[in-house]
Amino acid sequence: LKFFDVYVKNGLKPIAVYKNTKTPVGEGWNKNWSIEKWRKYFLDDRYNMGIILGDIIDVEGDSEEANELINRMTENIAHPMFRSSKSVHHLFRSPDPSFRIWKFQGLEIRGNGHQSVVPPSKHKYGEVYNWLKGTNLVIPDVPKELWQYYLDNYKPPRHVQSRPKTKEGYVKTECKKCFKMFYIHQKRLRIEVQAFRQLDMSWMCHGCREVDVRDICRTIRASMQDNW
């Protein structure tokens, strides 16, 4: 609760995340945020904590070269930084609240439609997310050099094109985490959607899901066959 209240005081929007995962609790987690809706989740330590991105962006590097580049472009600007299991995260005010996500040569920037797991959350192996020494929660505008680097290297994504001949029974659906489109058999999709609903989650592709729904799907499929 102390972390929640401090984050809210500094203009952040904390949310509950399933323990040992990066998956937010409930559908519509990034809509209609309120203190009353989320504070109750932290009366105990059953959940990890995330913050909604959009007005704020999270910048991180997945390689030594990317981290060196980020540090060079941000070193003269004091900003919040915290460590996860694999990298250091840098928080800045977004110049474009509609900005969603961009990845380039190990550098990743996430914004609208995403969230970041923050301290005092725990990794699945017991490690704790930590703010770096000397960090405060005053979030500055994104450095001009960093944003210009994004603008100089940004390439618009290709529009998802309909396949000229889709296999019978397959439909196109969107992953609710990465927002990419996938083709999946409609019967399988119906079962997986029901499985995710039982976990109070939206359907996600295999690359994004951090929970195994196969056992739940088998139970649902068996139930359907019994009803037949």
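Author: Start with Y41, which has a relative accessible area of 23% and is partly exposed. This is a predicted model, where local features need pLDDT of at least 70, side-chain atom pairs count only at pLDDT 80 or more, and totals for chains, interfaces and linings use all residues. Residues are numbered from 1 along each chain as its sequence is written, and side-chain values use heavy atoms, with hydrogens and water left out.

Reader: Why is Y41 called partly exposed?

Author: Buried means under 20% relative accessible area, exposed means over 50%, and partly exposed is in between (1.4 Å probe, protein chains only). Y41 has 23%, so the residue is partly exposed. Y47, with 21%, is also partly exposed.

Reader: What makes the rings of Y41 and Y47 an edge-to-face pair?

Author: Rings of Phe, Tyr and Trp (its six-membered ring) pair if their centres lie within 6.5 Å; planes under 30 degrees apart count as stacked, over 60 as edge-to-face and the rest as tilted. The centres of Y41 and Y47 are 5.3 Å apart, and the planes stand at 85 degrees. Therefore the pair is edge-to-face.

Reader: Why do the rings of F82 and W131 count as edge-to-face?

Author: Their centres lie 5.2 Å apart and their planes stand at 75 degrees, so the pair is edge-to-face.

Reader: What does the pair of F82 and W131 tie together?

Author: F82 lies in strand β4 (residues 81-83) and W131 in strand β9 (residues 130-131), so the pair ties together parts 49 residues apart in sequence. Strands (E, at least two residues) and helices (H or I, at least four) are DSSP runs, numbered from the N terminus. The protein chain has six helices and 11 strands.

Reader: Is F82 buried or exposed?

Author: F82 has 0% relative accessibility, so this residue counts as buried. W131, at 22%, is partly exposed. Across the protein chain, buried residues make up 39% of the 228 residues.

Reader: How many aromatic pairs are in the whole structure?

Author: A search finds 15. Ring pairs also link F99, W102, F104, W147, Y149, Y150 and Y154 into a cluster.

Reader: How do you know that the charged end of R100 sits over the ring of F179?

Author: A charge sits over a ring if NZ of Lys or CZ of Arg is within 6 Å of the ring centre and within 35 degrees of the ring normal. For R100, the charged end is 4.0 Å from the centre of the F179 ring, and it sits over that ring.
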